[in-house]
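Q: I have a sequence and a model open side by side. Please show me how to read them.

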Amino acid sequence: MSGSDALNRVITFCGKCSCGCPELYIDHDAAADRRVVLTDDFGQRIQMSIEQLEVIVDEARAGRISSLVAAELAAGG
């Protein structure tokens, strides 16, 4: 990770294996527009604001993300 002492793990999105599951962190030392850190199991990371994360959470709660993924899978993508 970044080595920041202020980087706090919020959740691991799998946790049932040792493959390096996606994780969500909050970096309290980062600028507000980069405070949320989402890592994948390939070592990549995305940084975003709390507000951007809230939009993703709202879309997921409303079922729009599931609908988009299901449609893409049905289309063979």
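Q: In which sense do strand β3 and β4 pair, and over how many bridges?

A: First, the ground rules. This is a predicted model, where local features need pLDDT of at least 70, side-chain atom pairs count only at pLDDT 80 or more, and totals for chains, interfaces and linings use all residues. Residues are numbered from 1 along each chain as its sequence is written, and side-chain values use heavy atoms, without hydrogens and water. Strands are DSSP runs of E, at least two residues, numbered from the N terminus. Two strands pair if DSSP finds at least two bridges between them. Here, β3 (residues 36–39) pairs with β4 in the antiparallel sense, over four bridges. Thr39 has Arg45 in β4 as its bridge partner.

Q: In what order do the four strands form the open sheet?

A: The order is β1-β2-β3-β4, with antiparallel pairing. β1 (7–12) and β4 (45–48) are the edge strands, each pairing on one side only.

Q: Which strands does helix α1 lie across?

A: Helices are DSSP runs of H or I, at least four residues. Axes are lines fitted to C-alpha atoms, for helices over the stretch in contact (heavy atoms within 4.5 Å). Angles run from 0 to 180 degrees between N-to-C directions. Helix α1 (residues 50–61) lies across β2 (23–27), β3 and β4, at about 105° to β4.

Q: Is Glu23 buried or exposed?

A: Buried means under 20% relative accessible area, exposed over 50%, partly exposed in between (1.4 Å probe, protein chains only). Glu23 lies in strand β2. Glu23 counts as buried because its relative accessible area is 14%.

Q: What is Glu23 in contact with, leaving aside its neighbours within four places in sequence?

A: Its contacts include Arg9, Thr12, Val37 and Thr39.
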